Amino acid sequence: MKLGQTEQFLKICDKVSALIWLNRMTLKGFIKQSVTTPDMGEYVIIVPRGQRLTIPETFLRPLTTSAWILVIATVLVSFLVMWNFNRYFRNDLILLPVCGIERYNLNQTHFGEKFVVLGLMVFYFLLQSGYESIIISLISDAPYHRDILTFEQLRESKLPVTVADRHDLDFFLPLFQQYQLPFQNGTTLVTANLQTNEASLHDYRSGKMLSNNPDFYDHINERNRFNILKDTISALPSSYIFSKRSRVQETFERHMHTIFEAGLISRWAQTAGIKVRVPPPSEDSELVKFGDLAPFWAVIGVGWCVSLFVFLLERFTTLQLEVKHKAPRV
């Protein structure tokens, strides 16, 4: 809390005749009305969890970028070889290894075609085996983008970090500049800073309660919508602020040290979070449902549309040629 905000806060305490503010605060400077707690308060960054993969991303997930480049290059090279040396290859170098469509008996072809086709068969067989197994596992377990857990991953995601106006932005500025994290100012209302397209800065206790808040729980996918980064920001001493200095402060400070030495503060911090009431899993939760097969229905639909388009195109071309041949010549 900045000095100007601290003075404004003390004026509010005097107006309402409050003796102590029970919410712990992190002050930029020490004041005589504060009682510093023995434990240190850490700041954390809350980020939205990874979204579910789309249908194109699901089909691209099983192979790495280099593997997809290798597949595309193999298909292009096979196409160029057939285009330029079609008299040396009686079979299709793409349809035969992938789909098994044989135009001519492979046993009766020359050695070069057998060598090339058999090598492509082995390549596509190993590729298809690994690809199909990963796709089936993605159906049984819903795929999501990876969760952001470190500052480096947060920088790669390019999500801005929202800092509430009640925090001292100058204190966190060197950290944001070091990791090249974009940041912006937010409102004092902590729940308003939780968005699916940005991260937010909170103290550890508030962040733990917000990440476990039932309002931010995804009941459809049965998981929290936000998580806390593993990397924390340097701890700062927090304080309880009294409206004015009195003898109660000394008694309160001894009481806080006793509770801390007994381990009750850490125990309360662990149990203070809001518990999410998760409904028990149903008996058919592990079964594959109709909606889980959405990627395959999409592929079937696209395949039918392409097949229908090619059929109509061939039919139109055939009719056009028939009309052209039947037309009287002058």
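A residue counts as buried under 20% relative accessible area, as exposed over 50%, and as partly exposed in between. Arg49, with a relative accessible area of 23%, is therefore partly exposed. The model above is predicted.

Side chains of opposite charge can pair when their charged atoms come close.

How many salt bridges does the structure hold? There are two. Arg146 lies in the loop between helix 5 and helix 6, and Glu156 in helix 6. They are ten residues apart. Arg146 has 57% relative accessibility, so it counts as exposed. Glu156 has a relative accessible area of 52%, so it is exposed too.

The structure has seven aromatic pairs. One of them joins Phe151 and Tyr179, whose ring centres are 4.9 Å apart. The planes of these two rings meet at 55°, so the pair is tilted. A pair counts as edge-to-face over 60 degrees and as stacked under 30. Phe151 belongs to helix 6 (residues 151-157), while Tyr179 belongs to the loop between helix 7 (169-178) and strand 4 (183-186). The pair therefore ties together parts that are 28 residues apart in sequence. The burial of the two partners can be read from their accessible areas. Phe151 is buried, because its relative accessible area is 3%. Tyr179 is partly exposed, because its relative accessibility is 21%.

The charged end of Arg223 sits over the ring of Tyr144, 3.8 Å from the ring centre.

Now turn to helix 7. Which of its residues are buried? They are Leu169, Phe172, Leu175 and Phe176. Seen down the axis of helix 7, these buried residues fall within an arc of 120°, so they line one face of the helix. The face turned away from that buried side carries the exposed residues Asp170, Gln177 and Gln178.

The largest nonpolar core comes next. This core has 18 residues. Those with the most contacts inside it are Ile45, Leu154, Leu201 and Ile233. Strand 2, helix 6, strand 3, helix 7 and strand 5 (199-203) each give two or more residues to the core. Helix 7 supplies the largest share, four residues. In soluble globular proteins, nonpolar side chains tend to be buried together.

Is Thr162 buried or exposed? Its relative accessibility is 2%, so Thr162 counts as buried. The side chain of Thr162 makes a polar contact with the side chain of Glu198, at 3.1 Å.

Most residues other than glycine have a negative phi. Lys158 has a positive phi, near 60°, and is not a glycine. Lys158 is in the loop between helix 6 and strand 3. At 68% relative accessibility, over the 50% cut-off, Lys158 counts as exposed. Gln180 also has a positive phi, of about 55°, although it is not a glycine. Gln180 follows helix 7 and lies in the loop between helix 7 and strand 4. The relative accessible area of Gln180 is 59%, so this residue is exposed.

A last stop is Gly112 in helix 5. Its relative accessibility is 29%, so Gly112 counts as partly exposed. Gly112 and Phe89 are 23 residues apart in sequence. In space they are 8.6 Å apart, C-alpha to C-alpha.

Definitions and conventions: Residues are numbered from 1 along each chain as its sequence is written. This is a predicted model: local features need pLDDT of at least 70, side-chain atom pairs count only at pLDDT 80 or more; totals for chains, interfaces and linings use all residues. Side-chain values use heavy atoms; hydrogens and water are left out. Buried means under 20% relative accessible area, exposed over 50%, partly exposed in between (1.4 Å probe, protein chains only). A polar contact is a pair of N or O atoms within 3.5 Å; within protein, one must be able to donate a hydrogen and the other to accept it, and residues adjacent in sequence count only if both atoms are side-chain atoms. Rings of Phe, Tyr and Trp (its six-membered ring) pair if their centres lie within 6.5 Å; planes under 30 degrees apart count as stacked, over 60 as edge-to-face and the rest as tilted. A charge sits over a ring if NZ of Lys or CZ of Arg is within 6 Å of the ring centre and within 35 degrees of the ring normal. The arc is that of the directions from the helix axis to the C-beta atoms. A salt bridge is a side-chain nitrogen of Lys or Arg within 4 Å of a carboxyl oxygen of Asp or Glu. A nonpolar core is a set of buried Ala, Val, Leu, Ile, Met, Phe, Trp, Tyr and Cys residues joined through side-chain atoms within 4.5 Å.
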